[in-house]
Amino acid sequence: MSNQQDSNWIFDGDYCGHILRGQFSDDLKKRVAEAIGLFRGFNVAANPAIPYISAWRENADKSIWYEFVGNRLLQLLGCQPCEVAEIFRDSVLQRLSYHCGGDSEKINRMTLEHHDLALFQEELRNEGKSRGAMEAVYKISLKDRPAIWLKDQAAVESFPVDQVCLSFGSLTDVTMVMKAEEQELQEKELLRGRHRELERKIEQQNKELWRMQLEMIYRLAQAAQFRDSSSGPHITKMSYYCDILCQAAGLSEEERQLIFHATAMHDVGKLGIAESILHKPGRLTEQEFAIMKSHSIIGAKLLSGNDSPLLQMARGIALTHHERWDGTGYPTGLSRDEIPLSGRIAAICDVFDALTSQRPYKQAWDTEQAFAEVEKGRGSQFDPELVDLFLASKNDIASIRQRFASSLAFKQ
Ligand SMILES: [Fe+2]
Ligand SMILES: [Fe+2]
């Protein structure tokens, strides 16, 4: 400042700062005095921006003070210029800043809550100093009044000789815009909540649907088993054998679960086979055998007309569990990969369990004998790769057989 007279007009006003009266360099004092002169010109009611000049020391406690405060900020905060820093700090609920997300056009909103502001204060000031600018929106709560939002835009200048930073800024009331943004966020959150609730309901309904499908499947399978009483716990063992083979074949958890339950239905078509054929003690005639073979088609018909994955899987297994790898099976004579994987898996497990189960007309085979029989069908009756996997799982298969043998012995 050239002389004290030049600066008297500043002190005549409501000067609230420290720089013009303190031990600071002339350069800094001159910059502040010029800026105050300029900012007073902007400090008119018609200007939507409220001008201010704030300052902080870089070496000491870094607390902020104001060199100039526009009248409207004093009115808003209801305080004296020297109280502005403290009241403003205490009234801030949130500090919001917006950043472009790199190459994308997405705008990221960063929110600092009141209690975090003190922690990040130094970082924010350093960022402002290095960028030469600061921009943020403050949500402010004032006594007994609804919250308001003030947009703060400032240029930051550093004075290394004095170790002081000056912020030449303006505050604009952006309450309308921010209220709209807040409402939009609340509506989005409400929608997200409804969406989550809907998803939860759908999941619940799907679980219920799955439970009902299983119940239907097992009741039908039970009905078929009542008629074919010689087969005992055949369907349960089949499900476990199939599961071991599915796991060995690397099927997903979901596929395994479908096959495990769907296998229970493989012989449901026997419900449609006459009692006289189903329980004929002697050998079936060619005609009777043809009727017996129709159980795969009857089963598929019973399970058709529903697009649930479980019933579709059950239908496929019922239809194809008597097909053979070499194409000489029934009902269609499919061969190799034409037979669905689930049908090829069921074919091996069905035969293995039939061999190792006692029937009125035969004794149960020894486990090793049954494995040898399965191996004999490798590449003719059965998928060779699945046979290899089945034989590689001998221990697991044998332990299932053992488990059911002991549970039956216990029941008897
Ligand atoms: Fe069958
Ligand atoms: Fe069977």
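Leaving aside its neighbours within four places in sequence, with which residues is Phe168 in contact? The views below take up this residue first and then the surroundings of other elements. The structure is a predicted model, in which local features need pLDDT of at least 70 and side-chain atom pairs count only at pLDDT 80 or more, while totals for chains, interfaces and linings use all residues. Residues are numbered from 1 along each chain as its sequence is written, and chains are lettered from A and ligands numbered from 1 in the order in which they are written.

**View 1. Phe168 and its contacts.** Apart from neighbours within four places in sequence, Phe168 is in contact with Ala35, Ile53, Ala154 and Ala155, contact meaning that the C-beta atoms, placed from the backbone, lie within 7 Å. Phe168 lies in strand 7 (residues 164-173); strands (E, at least two residues) and helices (H or I, at least four) are DSSP runs numbered from the N terminus. Phe168 counts as buried because it has 20 C-beta neighbours inside 10 Å, where buried requires 20 or more other C-beta atoms within 10 Å, exposed 12 or fewer, and partly exposed a number in between. The C-alpha atoms of Phe168 and Glu157, which are 11 residues apart along the chain, are separated by 8.1 Å.

View 2. An open sheet is formed by 7 strands in the order 2-1-7-6-5-3-4, with antiparallel pairing, two strands being paired if DSSP finds at least two bridges between them. Strand 2 (64-69) and strand 4 (107-113) are the edge strands, each pairing on one side only. Strand 6 (residues 148-159) and strand 7 pair in the antiparallel sense over 10 bridges, and the bridge partner of Gln153 in strand 7 is Ser170.

**View 3. The largest nonpolar core.** Among the 41 residues of the largest nonpolar core, Leu245, Met265, Ala314 and Ile348 touch the most other members; such a core is a set of buried Ala, Val, Leu, Ile, Met, Phe, Trp, Tyr and Cys residues joined through C-beta atoms within 7 Å. Helix 7 gives the largest share of this core, 8 residues. Ile348, leaving aside neighbours within four places in sequence, is in contact with Leu245, Val374, Phe382, Leu386, Val387 and Phe390.

**View 4. Helix 8 and its cover.** The buried residues of helix 8 (residues 253-262) are Leu258, Ile259, His261 and Ala262. The elements covering these buried residues include helix 6 (175-227), helix 7 (234-248), helix 12 (309-320) and helix 13 (341-355).

Key: Two residues are in contact if their C-beta atoms, placed from the backbone, lie within 7 Å.
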